[in-house]
Amino acid sequence: MTGFLSDLVQYRGLFQIITVLGIGGTFQIGFQISTITYMSQHVKAFINETWLERYGYPIHQDNLLFLWSITVSIFGIGGLLGSSGSRYLTVKYGKKKCLLYNDLLMIVAASIMGCSKIAQSFEMILIGRFMCGISAGLCVPLHHQYVGEISPRKLRGFANSTSSFFWSLGKAIGQISGQRELLGSQSLWPMLMASCGLPALIQLVTLPFFPESPPYLLMHKGDQEGCKKAIRQLWGEGHHQAEIDDIMKEKATMKNTKILSVLELMKEQAFRWQLYMIVILTATVQLCGINAIYFYTFEVLQAAGFDERMISYMTLSVGLSELIATVVCSSIIERLGRKVLLRGGYWIMGSLLAGITVTLSLQDQYFWMPYCSLCLIILFAVVFGVGPAGATISIRVEIFKLSCRPPAFVISAVLNWLGVFVIGTTFPFIVERLKHFCFLISMGVLFTSGIIIHLFLPETKGKSIMEITEEFNKLNFKKKHVPETPDHVTEDYTFCTRGPQHSEMATFFSDLVQFRGLFQMILVLGIGGSFPYGFHISVINYPSVHIRKFINETWIERHDSPLHPETIMLLWSFIVSVYGIGGFLGSLCCGYLTTKYRKKKCQMCTNLIMLVAALFMAFSKTAKSFEMILVGRFLYGIGTGFSLNIHPQYVGEISPKKLRGFTNSTVAVFLTLGKLTGQVIGLREILGSEALWPWLLASSGLSALVQLVTLPFFPDSPSYLLIQKGNEEACRKAIRKLWGEGDHQAEIDDIMKEKGAMTSTKTLRVLEVIKERSLRWQLYILMTVMTTLQLCGINAIYFYSFEVFHTAKFEEYLIPYVSLGVGLCECLSSILCSTLIDRFGRKVLLWGGYTLMCSVLALLTMTLSLQHQFFWMHYFSVILIFLFVIFYGIGPSGATISIMVEIFSQSFRPSAFLIVGCINWMGLFVLGMIFPLIVDNLGPFCFLIFLGILALSAIFIYLYLPETKGKSIMEIKAEFNKLNFGKKETSVTENNFPKEQLFCTKL
């Protein structure tokens, strides 16, 4: 608060000119957009009366509607002309002088419209609206540029975002003034039209007392003294040399250059990505659905049963919400940055549009749905104001130098006014054809723009124009740009390189050869690791009918009487669930056994258990004993509980830092490969028949046998050999075998640092890990990602896929093959995840995956709810199911495993994975019990539960999970210490033992 008041006093001149510029700038266009709606009936009546008085007969309704549409749209044509001329006029006369003349134009236009009724001439309204459009088209780019140039770097985001505030303020004032109690009556509508002259008059009187922008005075006029005087008037007394230096640097790069024309700017390679961003941002603001939202507010309020007289006042609440949101935006833009507000705003708005589409579709079925629609509409307006409305303008100003800004704003303004005209013309037809489904177009635009902004837009917060230009040069030229060249000079650009550049494919093959031992071991570990878990999840569904029949036949042979169907169902459910109990027990024992006997030996013993289980399964039918199936499933569970804990730890410990993300994500690849293999061999044409089902259940023993034979040829993990066994020579030998010959000293140093931090400590038990303060946030993250993996809705998606395929009229015999396509998509996407994870990082894949899955679930809820009303809706459901599975495979499926391995060091990992195993198997058991009840009671709305969990997890991961890509275990631990202890820890040892840490840099 003190800092705010201090800035308010020091920069009072700046805040005053911002107010003056806003009143005569974007305020005008917001005011014009909102007021025209309130006088539509009066203007049409006036045109009809005038026509009748002139010609003695009333005007035809089609002609009347045509004249009214011309009255509305001619404002956009004028705006297009005004914005087209803004570049030439600002370069020639300066922004201040242009704004003053523009005020005169607006006052003349207001006078013409104000006198139209007295003169009985509707043509004067047309002329006035056209002149208002020219004036608005000219003042908006001038306002944006002027405000951006007069603000210091630390307040630049705030100053730029005030443009959207005045725009929203203009809308709100227009809505208030347009009420029938004020100027919206039949007698006062000319005064409402003419009231736009008042802001212009205020600016005309006050603006001469303020200076031109400092960059304009210094760079264009060469008036250094005038620049310093303007800075003192606007920013107060103080040390502003750093800002002046930035302007001088920009001036130096512009030496002997001219202001570019629009065509020159479009041809200039150095501004290609800046132009892409301008086009994307402008198009997204036009197509984001804010106009459709305002259109549907009236309909929603009518459906909610509100009185007709109250609706206009309640619509005003939407405008006021947007206004308040823009105030919030101006206060947080310097804290959160432009990129976060844009990307987050787009994605949240997209999700809200999905919700609005659902509620509008169902508002006739549930009495409370219109109220939900109204809440979502207000939320949409708030998010638009907080995010894109303010941040868009800030980005437009900041990504261009002074020499390029005028033509860039011409392009932006032309696109904006063309958008106003085109959307104004086509929007009624879109709404008429698609109804509330028109929001799906806007939703697609928002999500696409959000992804582009996330991937390509550099953050501009706190950076000078030159620093921002350097960031864009990396995109424009694909390499690091070293020298600054003049804006319009087409000389050769110079780049620095580090030597021969290898293609990604060549690097891939090089790694494949060097790390062939590692890739072979990953394959062996995967076959006997997470592969069986995925296999058992999918394969058990296919022989269910045969097993229940076998149980009944066996019982009849033994007791000469059939089993009751409920008893058969109970035995079948126990066969299914006993697998989870075995997995839970295996997970509980895994931590102790891997610490005592090492992971390699434990994994080989697990293979023996799996082979015994396979034998039980294979001979159960021959022995006529369904109890053998129970025993086999239980043993499978124990074996899978072990292998699912050992596999991620083993893989994480054998991989070098640069491939750690890839190797960890292979756990998910083999898991989905197991699911897919189970689906393939479970088909009736392979092993899913009545005669071969015992071999289907026993086939899991084959993967255990392969691992049992091959794993002895591979070493224990290097970190285990060095940290727990203290065998330096064996560690080096294992590294050479897995990673090939080369310089791996940096990796060995990281292991030594971890060993030094663990000197005289022991492997912690589960309770000790839970109590350990230095692991508090790691456990929070662990529980969040594991719980989200269980409750993300992937099981619900597989459950509903059969129902959706039935509804989509797929033949019964084809449905297993279509379901197989879903499994194949998950497998391929998890493979894709393994190639992306070391490029994008774990954090992005997690929260990005959660967000995309959340959006798909919102749409899927809508399509499943409406699939009986529209014949084509179930095809959308099929597409969305495939999309959800793809996003799950690319994001959370692989990144979760990687995070689990990387955030714990060697001494904590066994206990941490025991906790993971317990959560996983308990979740599997509980979900299996309650999920049918949830589906039975909620139907497709069960996805809303998963949607909420995904949204909360995405926010939590985005805020609190440090990125682990390319970091050693000790570096990751240091990141978490900032969360665990509230500050950067330098002396906290693992396990909280007060021992000195010993770090070695050489072996």
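Helices are DSSP runs of H or I with at least four residues, numbered from the N terminus; with that numbering, Gln 120 falls in the loop between α7 and α8. The model described here is predicted. Its protein chain contains 45 helices and zero strands, and 57% of the 1003 residues count as buried. The points below begin with the whole chain and proceed to selected helices, individual residues and loop positions.

**Overall architecture**

- Of the contacts between residues at least 6 apart in sequence, 83% link residues at least 24 apart.
- A nonpolar surface patch is formed by Ile 173, Ile 176, Leu 182 and Leu 320, which together have about 280 Å² of accessible area.
- Leu 320, one of the patch residues, belongs to helix α18, residues 308-336.
- Leu 320 is classed as partly exposed because its relative accessibility is 33%, a value that falls between the 20% limit for buried and the 50% limit for exposed.

**Helix α4**

- Helix α4 covers residues 40-55; its 16 residues should span 22 Å at 1.5 Å a residue, and the 23 Å between its end C-alpha atoms agrees with this.
- The buried residues in α4 are Ser 40, His 42, Val 43, Lys 44, Phe 46, Ile 47 and Thr 50.
- These buried residues pack against five helices, namely α3 (26-38), α5 (61-93), α7 (116-119), α8 (122-150) and α10 (189-194).
- Gly 56 follows α4 and has a positive phi, near 80°.

**Helix α35**

- Helix α35, residues 728-739, consists of twelve residues and reaches 16 Å from its first C-alpha to its last, close to the 16 Å expected at 1.5 Å a residue.
- Cys 731, Ala 734, Ile 735, Leu 738 and Trp 739 are the buried residues of this helix.
- Viewed down the axis of α35, the buried residues fall within an arc of 100°, so they line one face of the helix.
- Glu 729 and Lys 733 are exposed and sit on the face of α35 turned away from its buried side.
- After α35 comes Gly 740, where phi is positive and near 80°.

**Helix α41**

- The 25 residues of helix α41, residues 842-866, should span 36 Å at 1.5 Å a residue, and the separation of 36 Å between the end C-alpha atoms agrees.
- Helix α41 is mostly covered, with 23 of its 25 residues buried.

**Individual residues within helices**

- Leu 265 is located in helix α15, residues 262-267, and counts as buried because its relative accessible area is 0%.
- Beyond residues up to four places away in sequence, Leu 265 touches Leu 260, Phe 271, Leu 275, Phe 400, Cys 404, Pro 407, Ala 408 and Ile 411.
- One of these contacts, Ile 411, is 146 residues from Leu 265 along the chain, with a C-alpha separation of 9.8 Å.
- Ser 643 is part of helix α30, residues 626-654, and its relative accessibility of 1% places this serine among the buried residues.
- Leaving aside residues up to four places away in sequence, Ser 643 touches Gly 528, Gly 529, Gln 603, Thr 606 and Pro 648.
- Glu 225 lies in helix α13, residues 224-235, and is exposed, with a relative accessibility of 52%.
- The C-alpha atoms of Glu 225 and Pro 214 are 10.0 Å apart, and the two residues are eleven places apart in sequence.

**Loop positions with positive phi**

- Gln 120 is not a glycine, yet its phi is positive, at about 50°.
- The loop that holds Gln 120 runs between α7 and α8, and the residue counts as partly exposed at 39% relative accessibility.
- Asp 560 likewise has a positive phi in a residue other than glycine, with a value near 60°.
- Asp 560 lies in the loop between α27 (544-559) and α28 (565-597).
- Asp 560 counts as exposed because its relative accessibility is 70%, and the class of exposed residues begins over 50%.

Technical notes:
Residues are numbered from 1 along each chain as its sequence is written. This is a predicted model: local features need pLDDT of at least 70, side-chain atom pairs count only at pLDDT 80 or more; totals for chains, interfaces and linings use all residues. Side-chain values use heavy atoms; hydrogens and water are left out. Helices (H or I, at least four residues) and strands (E, at least two) are DSSP runs, numbered from the N terminus. Buried means under 20% relative accessible area, exposed over 50%, partly exposed in between (1.4 Å probe, protein chains only). Contact means heavy atoms within 4.5 Å. Patches are made of residues with over 30% relative accessible area and no salt bridge: like charges are joined within 9 Å, nonpolar side chains (Val, Leu, Ile, Met, Phe, Trp, Tyr) within 5 Å. Accessible areas come from the Shrake-Rupley method with a 1.4 Å probe; for residues, only the protein chains shown count as cover. A salt bridge is a side-chain nitrogen of Lys or Arg within 4 Å of a carboxyl oxygen of Asp or Glu. The expected span of a helix is 1.5 Å times one less than its number of residues. The arc is that of the directions from the helix axis to the C-beta atoms.
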